[in-house]
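Let's walk through this complex, with the conventions spelled out along the way. Have the viewer open as you read.

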Amino acid sequence: METRKIEVPVMADLFARGEKPEYLFWVGCAGAYDDRYKKVTRAFAKILSYLNVSYAVLGKEETCTGDPARRAGNEMLFQMQALQNIELFKGYEIKKVITICPHCYNTFKNEYPDLGAEFEVISYVQLLDKFIQEGKLKVTTEKFKNTRITYHDPCYLGRANDIYDEPRRVIKSIAGDIAEMDRHKSFALCCGAGGAQMFKEAEKGNKEVFLERMEDVLKVDPDIVATACPFCMTMMTDGIKYKNQEERMKNFDIAELIAMSLGL
Amino acid sequence: MTKQIVFAITLFLTLGIFGFTIARIIRFFSLTRKGFPVKHLGKRFMIMLKIAFGQTKIFRRPVIGFFHAMVFWGFCIILFGSIEMVIDGLFNMEKSLSFLGGFYKFLMAFGDIFALLVAISIVIFLIRRIFLHIKRFEGIEMKEISHIDANAALTMILILMLSLMGMNAAYVRHAFLTGTVTQATYPISEHLTGLFAGMSADKAFTMYQIFWWIHIVMIFIFANILPYSKHFHVFMSIPNVFLSRLEPLGKLTNMDNVTKEVKLMMDPNAAFEAPATDAPIERFGVKDAEDATWKNYFDSLSCTECGRCTSVCPANITGKRLSPRKVMMDLRARMKEKGPKMLKNGRDFDDGKSLVRDYITEEELWACTTCNACAKECPIDINHPSLIVDMRRYLVMEEGSAPGEIKAMFNNIENNGAPWQYSPEDRLLWAKDLEINVQ
């Protein structure tokens, strides 16, 4: 099989050449720094290239949306990050932003407009769903037809923004079906990492949240736990390790599953 | 005539006490902070129809939700009969609304059926509460008084329903004995007329009057106890749903006072443009009851302590101290404690206590994952996470208090634009040697 090298387009370079891409691909801090989630970023970038989507990333100019600061109560820091980002986006005349992190998505979509943002925000899950529905992404169930896949709803796509059906349609397009956990869609249990919990130890209790969630997963006994959020991915991957299920099941992001099914 | 006078006095006493209670509560609202403006009335009306009258969120627990819906819909229909009883009592009339004909007959018949359905539901609720160990009725915030409160209200509703059926049965019996035609049919109570077997027409009428008085007086007592109990939600939940937050659950409210400061920091020129105001400096976030918005307080008064929020809270499920129900109950209790003293001694009144710490500990506040399961579950659209984050805002911005790792995360964002300690220079490392297979 032949391979083609991908140069990820950077906004500053394009702008210097007078080019304006259709989308800004907002990678997010986890997508840029978390070793596991970097693979998701790569998978999604491959899909964008495969589809010849006109996009660019901010690269070194990207910074935190401020979401974890806001949820941890540091409104000052959040707004400084937000206003800075809004200025940057305006400078590049960015109209559409794709995010692969539900936390970035939620903050951009619901909270930045209060501070003067005027760009459209699209979750990569919505984009994948759209491309599949429109027939631009031609996926088949060939690779995953005998694979049992469950989907863990991230709070910030699900309850926070009512995005339940898009990820399910995407998974069904490559696997035929989803093995749902008892608690799913709006009933889904949090992985335990939202609201800035990702960055601290949990308070005293009798169990870790991700292990409680992992037990939901074990009841379904899937081959793959599909996630759509970097924090959920950390928690689910840890959960699989804690429960000694590494031989039995794997955790993949929806973008990775699509890239795999396309053989990218 | 005597009945009319006695009734009028009872009614005005009831309304008087009720008015006094409500006026007191409204004054507490004057202490609270500005929340969102109430716009989009049409949309709100639809939400009210769906969630309050349609009981859609209560049906997230289909079985027990069904019984609650029976009680709610029953109350709505039976309310019509209660209004008729007030008119009858005031103007010494008999079945004053019967002129409505078929519509009246329909409501009376269904009111009678629902009286039984409500009674059955209430018995099920009582059995659940007294004999079954239901986890969500327990918790650190559930004191003995909370259980007494619940069971007392349920018992009163049961008495209301039994007296209603007794009243209907005696009415039917009396009509039968005097050979008159009843104004409506009572599909359930007409089978209960045996209770009055052997009674004369006069005696049956007396029984009818006794049940009539028990029922209406119980309604009056119930109405006046409600505002002092968790069952205040009978009045508050429909308006609370009407006043729902309309934004997506994921959205946190922007702090406009912070925006002003940040803009000044980022653009020093703006300092000259900003008009000086004499407005007192507002506290950042929520430290005490009066820092909460009117909507937070409304939420707390509407909460009926059902515990659906706490039962789905990931922190609570895994044994942490946080309980979203407790947050609401604490706000209500704190306002009850501090509100009257603030009204008397002025806003600056300080009793050396506060909602944060004396009621809600930092440990509870930092355990929240902002997953919004509580808000999604609440049958009457209470929003707990926004209040929890507002209390975190107070801790962080007024006191600089946060867990060490959270402070480190703040520092990282400030210094290198990411919650972790990585350099912005490394942001594109993921894109290195990226290749795609070409078929």
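## A helix pair to start with

Which residues in α1(B) meet which residues in α6(B)? Thr10(B), Thr14(B), Ile17(B) and Phe18(B) sit on the α1(B) side, and they meet Val217(B), Phe220(B), Ala223(B) and Asn224(B) on the α6(B) side. Contact here is a cut-off on C-beta atoms, placed from the backbone, which must lie within 7 Å. By class, this contact has five nonpolar, three polar and no charged residues. For the classes, Ala, Val, Leu, Ile, Met, Phe, Trp, Tyr, Cys and Pro count as nonpolar, Asp, Glu, Lys and Arg as charged, and the others, Gly among them, as polar.

Helix α1 covers residues 2-29 of chain B and helix α6 covers residues 201-225 of chain B; they pack at an angle of about 10°, with axes 9 Å apart. Axes are lines fitted to C-alpha atoms, for helices over the stretch in contact, and angles run from 0 to 180 degrees between N-to-C directions. The two helices, α1(B) and α6(B), are therefore roughly parallel to each other (the label is for angles under 35 degrees).

## Model and confidence

This is a predicted model, in which local features need pLDDT of at least 70 and side-chain atom pairs count only at pLDDT 80 or more, while totals for chains, interfaces and linings use all residues. Residues are numbered from 1 along each chain as its sequence is written, and chains are lettered from A and ligands numbered from 1 in the order in which they are written.

Chain B has a mean pLDDT (the predictor's confidence in each residue, from 0 to 100) of 94, and 97% of its residues reach 70 or more. For the complex, the predictor gives an ipTM of 0.96 and a pTM of 0.95.

## Where the chains meet

On the chain A side, 69 residues are in contact with 61 residues of chain B. The elements of chain A that give two or more residues to this side are β1 (2-5), α2 (28-33), α3 (35-50), α4 (67-71), α5 (75-91), α6 (102-111) and α9 (209-220). Helices (H or I, at least four residues) and strands (E, at least two) are DSSP runs, numbered from the N terminus. By class, this side of chain A has 26 nonpolar, 22 polar and 21 charged residues.

Arg4(A) stands opposite Ile436(B) in β1(B).

## Two open sheets in chain A

One open sheet has four strands in the order β3-β2-β4-β5 (chain A), with parallel pairing. Its edge strands are β3 and β5 (120-123) of chain A, each pairing on one side only. Helix α7 (residues 124-133) of chain A lies across β4 and β5 of chain A, at about 75° to β5(A).

The other open sheet has three strands, ordered β6-β7-β8 (chain A), and its pairing is parallel. β6 (149-151) and β8 (250-253) of chain A are at the edges with a single partner strand each, so one side of each is left without a neighbour in the sheet. Neighbouring strands are turned by 30° against each other on average, direction ignored. Helix α8 (residues 165-175) of chain A packs on this sheet, touching β6 and β7 of chain A, and its direction makes about 175° with that of β6(A). Helix α10 (residues 230-242) of chain A touches β7 and β8 of chain A, making about 170° with the direction of β8(A).

Conventions. Two residues are in contact if their C-beta atoms, placed from the backbone, lie within 7 Å. Two strands pair if DSSP finds at least two bridges between them. Angles under 35 degrees count as roughly parallel, over 145 as roughly antiparallel, 65 to 115 as roughly perpendicular and the rest as oblique.
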